[in-house]
Amino acid sequence: MPRPLPARRSRRILLRATLPAAVTASLVLVPLPGAVAIPSADVVIAEVYGGGGNSGATLKNDFIELANPSGAAFGLAGYSVQYLPGSPSTASKWGVTPLSGEVAAGARYLVAEAAGTGGTVELPTADAAGSLALSATTGTIALVHGTDALTCKTAADCAADPHVVDLVGFGTAVVHEGAGAAPGASNNASVARAASLADTDDNAADFQAGEPTPVNSKGEAIPGDGSGGGDTGPTEPGTVRIHDIQGTTRVSPMVGRTVEGVPGIVTGVRTYGTKGFWIQDPNPDADPATGEGVFVYTGGAGPAVKVGDSVLVTAKVTEYYPNSSGGSQSLTELSGPKVTVVSSDNPVPAPVVLDGSAVPAAYAPDAAGGSIESLPLRPDTYALDLYESLEGMNVEVRDVPVTQASNSYHELWVNAREQDPRSSRGGSVYLGYDRQNSGRLMVQSLGAAADFPVADVGDRLTGATGGPLDYTNFGGYAVQATRLGAVRSGGLKREVTRSGLPSELTIGTYNVENLDPSDPDEKFAELAAGVVTNLRSPDILAVEEVQDDNGPVNDGTVTAGATVAKFVEAIKAAGGPAYDWRSVDPVDGKDGGEPGGNIRQVFLFNPDRVSFTDVPGGDSTTAVDVTGNGKRTSLTVSPGRIDPADEAWNSSRKPLVGQFRFHNKPVFVIANHFNSKGGDQGLDSRFQAPTRSSEVQRAKQAEVEQAFVAKLLAADPGARVVSLGDFNDYQFSPALHTLTKGGVLRDLVNELPASERYSYVYQGNSQVLDHILVSPAFKPQQTRYDVVHINSEFATQASDHDPQVVRVKP
């Protein structure tokens with residue numbers, strides 16, 4: 001049964017995508033005869049039920065359920081759900097239920113509507129409530145941007161109404177999306193999308209009738225006892241075993257079927273979030289591809305079993321996609337269970353030990369970008385196949401390195417395969433699209449939060465850490481730990497870079513993670529200490545993710561003077577210089593990032609060491625150009641932005657260019673923050689090789705910037721150019737290859753040992769997102785480059801990025 005992801009702060013999604021541009025460009029949009037709601041990419045209508053309280057119904061209320069398949073929360077303020085009878089007359093009017101709050105990424109949102117006099121079961125606590133009396137058999141539901149009643153009464157008119165976000169006609173409804181309406185429903189049947197939440201804008205194809213399954217934003221479903229108990233649970237084992245349910249591919253051959261009396265031993269219990277328990281058959285078959293474990297989803301009631309119980313389960317076989325829009329794997333589950341506890345205190349099946357001898361080096365089969373779901377599992381060949389074959393089973397890792405520090409959600413990452421390449425400080429360094437580090441696993445605790453260890457990269461979990469193997473809501477396989485090893489410290493220290501010589505110009509970059517004046521003073525102090533102590537107060541510092549003066553408040557504010565002033569004062573208080581600064585305020589809402597935040601890049605510089613060459617005449621929409629030649633080469637505006645009107649920068653930060661002088665010599669600095677990896681399919685996607693659709697825009701951005709640098713060097717081949725910042729991409733990516741095309745720039749991270757090439761840690765991979773590139777005027781013997789590891793590997797972070805610095809002699 002689909003349900004929401006746990007609420008958490010929005011974070012950069014680094015390894016996920018959608019269709020590549022080449023595929024998107026090849027699609028021809030053909031008008032459909034029914035209504036096509038636009039847009040419906042962020043939130044969709046997931047389920048509609050109008051039989052609540054009718055004769056013979058179980059549920060007391062009608063309901064409408066929304067779902068958010070995207071990777072970001074969707075605010076519902078100013079939105080509504082609306083209802084129109086299936087065969088509207090001239091007097092028919094749309095009924096309206098206003099909405100509020102938001103639908104979290106991957107989550108559900110439940111709207112309770114009118115109650116009848118029948119029914120015996122209450123809905124889960126609704127997120128919104130109205131009084132619409134839906135028909136049980138036919139009608140049209142619309143998700144609307146606005147709270148005024150719609151006026152359209154035909155499919156064509158509703159398709160043309162830009163307020164309609166999504167629309168579902170069911171039964172004999174004349175207003176519907178696509179060629180036909182969804183099937184008819186009844187007093188005991190709803191119409192619902194598949195677990196994947198696929199939206200083809202054809203109601204007949206996207207919806208099917210079935211048992212109502214309302215889920216609210218907390219993941220609570222129809223209350224049930226979760227234990228079967230008494231006369232409600234099975235009394236004898238059935239003929240189906242767990243390995244029959246799991247089958248030899250990623251999707252159960254029994255999906256949609258109700259299986260009776262499935263036996264198993266409870267190996268783990270989850271009483272929060274996605275509530276339920278894991279069972280495993282202690283009598284496995286001989287096929288390593290067919291798993292012996294499965295998750296039993298109990299919903300809002302929570303499980304009433306304990307580890308070691310021998311149980312019989314009657315339930316429906318379902319496939320749950322935690323993040324369908326990101327291409328996630330699915331989880332085979334037993335939903336709506338009736339459970340009988342046969343006996344207790346039984347031994348749990350012995351764990352499968354995951355180590356270098358068990359985990360293959362190859363990560364996933366290649367289906368040329370297509371789905372691998374139908375491919376037979378080959379657990380001896382591919383790590384993803386191994387993990388899928390062990391889904392729900394008791395597994396164990398022993399004496400493993402921590403490759404991503406523990407976080408506030410009681411998670412950390414380890415690497416079970418000692419052969420994967422290690423970073424110089426104990427992580428798993430990511431060195432290529434074909435080198436995915438197959439031993440990475442998340443560890444999540446099933447125990448008390450206080451029991452979860454605080455660990456940094458380079459620490460080790462000694463002894464045994466084990467429990468059921470799960471697939472997480474945010475991607476990646478996870479050991480749901482019923483037992484945790486002890487942390488042995490690796491003694492990781494925050495790095496301090498060398499001080500620059502008086503003859504050297506020091507230039508740094510630091511992503512300060514959505515900094516705004518409302519952030520606590522402690523964050524400003526920690527960031528400032530990093531600048532002063534660890535970076536040694538660079539002469540020039542490019543800062544990314546500086547928000548406007550009221551942060552995420554979306555009221556049109558674009559200035560950032562208060563944010564920068566607070567940061568500069570914190571640096572002075574930490575013993576640093578009195579930095580001056582330059583930036584260009586963006587156009588409100590046009591540079592991406594957190595809504596309302598208007599993030600931008602800012603130059604901080606020490607006026608005692610360098611001077612800034614102000615060339616007035618530009619604003620956020622002015623394109624900087626090059627004028628003069630040779631030693632007279634200059635920018636037309638400084639600070640300026642590179643071609644801000646180019647489509648490459650749509651909803652993304654525009655590069656900030658500044659002209660400085662050091663020892664009376666000009667230096668051109670470009671501060672960057674390329675578009676994020678949001679929307680890319682993960683390394684663990686069910687689509688292999690995964691699509692990295694966000695690369696398309698970054699490649700365009702790199703083309704624009706490379707052309708600008710080439711023009712600067714054409715005017716002065718000896719121009720001293722430094723391009724730096726958060727490029728949101730790897731050193732081996734198309735974007736970085738484009739930036740360095742023709743030798744106009746040199747990516748300094750490639751000059752580090754492979755084990756030191758990282759500035760960010762994601763899903764247990766130490767990887768590069770931030771770069772410093774220099775023009776040919778800076779010879780290798782004149783540059784001293786350092787990624788200063790002070791954040792990404794630590795449980796306590798001032799930012800999620802490590803800063804960098806280069807010392808050059810112009």
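A: Here is a walk through those topics in turn; the model is predicted.

Q: Start with the sheet. What is the strand order in the open sheet of 6 strands?
A: The order is β29-β30-β28-β27-β44-β43, and the pairing is mixed.

Q: Which strands stand at the edges?
A: β29 (580–582) and β43 (783–787) do. Each has a single partner strand, so one side of each is left without a neighbour in the sheet.

Q: How are neighbouring strands turned against each other?
A: By 20° on average, direction ignored.

Q: Now β27. How many of its residues are buried?
A: 11 of the 11, so β27 is largely enclosed by the rest of the structure.

Q: And how does β27 pair with β44 and with β28?
A: With β44 (residues 804–808), the pairing is antiparallel over 5 bridges. Thr 509 stands opposite Gln 804 there. With β28, the pairing is parallel over 6 bridges. Leu 515 has Val 546 as its bridge partner in β28.

Q: What does the chain pass through from β27 to β28, and what is the hand?
A: The chain goes through α6, making a β-α-β crossover that is right-handed.

Q: Where does α6 lie?
A: Helix α6 (residues 521–534) lies across β27 (505–515) and β28 (540–546). Its direction is at about 160° to β27.

Q: How far does α6 reach?
A: α6 has 14 residues and reaches 19 Å from its first C-alpha to its last. That is close to the 20 Å expected at 1.5 Å a residue.

Q: Which α6 residues are buried?
A: Lys 523, Phe 524, Leu 527, Ala 528, Gly 530, Val 531, Val 532 and Asn 534.

Q: What do the buried residues of α6 pack against?
A: Against β27, β28 and α7.

Q: And α7, which strands does that one lie across?
A: α7 (residues 561–573) lies across β27, β28, β29 and β30. It runs at about 40° to β30.

Q: Back to the end of α6. What happens just after it?
A: Arg 536 takes a positive phi of about 60°. Ser 537 sits in the loop between α6 and β28.

Q: Is Ser 537 buried or exposed?
A: Buried, at 16% relative accessibility. Ser 537 touches Thr 506, Val 531, Val 532, Gly 576, Pro 577 and Tyr 579, leaving aside residues up to four places away in sequence.

Q: Switching to cores. Which residues touch the most other members in the largest nonpolar core?
A: Leu 354, Tyr 387, Leu 441 and Leu 469, out of 36 residues.

Q: What does Leu 441 touch?
A: Its contacts include Leu 354, Tyr 387, Val 397, Leu 412, Trp 413 and Leus such as Leu 469, not counting residues up to four places away in sequence. Tyr 477 and Val 479 are also among them.

Q: What lies apart from that core?
A: Another core, of 28 residues. Ile 507, Val 584, Phe 605 and Val 806 are among them.

Q: What about Asn 437, what is its phi?
A: Near 60°, a positive value in a residue other than glycine. Asn 437 is in the loop between β22 (428–429) and β23.

Q: Is Asn 437 buried or exposed?
A: Buried, with a relative accessible area of 4%.

Q: And Ser 651, buried or exposed?
A: Exposed, at 55% relative accessibility. Its phi is near 55°, also positive. Ser 651 is in the loop between β34 and β35 (656–662).

Key. Residues are numbered from 1 along each chain as its sequence is written. This is a predicted model: local features need pLDDT of at least 70, side-chain atom pairs count only at pLDDT 80 or more; totals for chains, interfaces and linings use all residues. Side-chain values use heavy atoms; hydrogens and water are left out. Two strands pair if DSSP finds at least two bridges between them. Helices (H or I, at least four residues) and strands (E, at least two) are DSSP runs, numbered from the N terminus. Axes are lines fitted to C-alpha atoms, for helices over the stretch in contact, and angles run from 0 to 180 degrees between N-to-C directions. Contact means heavy atoms within 4.5 Å. A nonpolar core is a set of buried Ala, Val, Leu, Ile, Met, Phe, Trp, Tyr and Cys residues joined through side-chain atoms within 4.5 Å. Buried means under 20% relative accessible area, exposed over 50%, partly exposed in between (1.4 Å probe, protein chains only). The expected span of a helix is 1.5 Å times one less than its number of residues. A crossover is right-handed if, with the strands pointing away from the viewer, the path from the first strand over the helix to the second runs clockwise.
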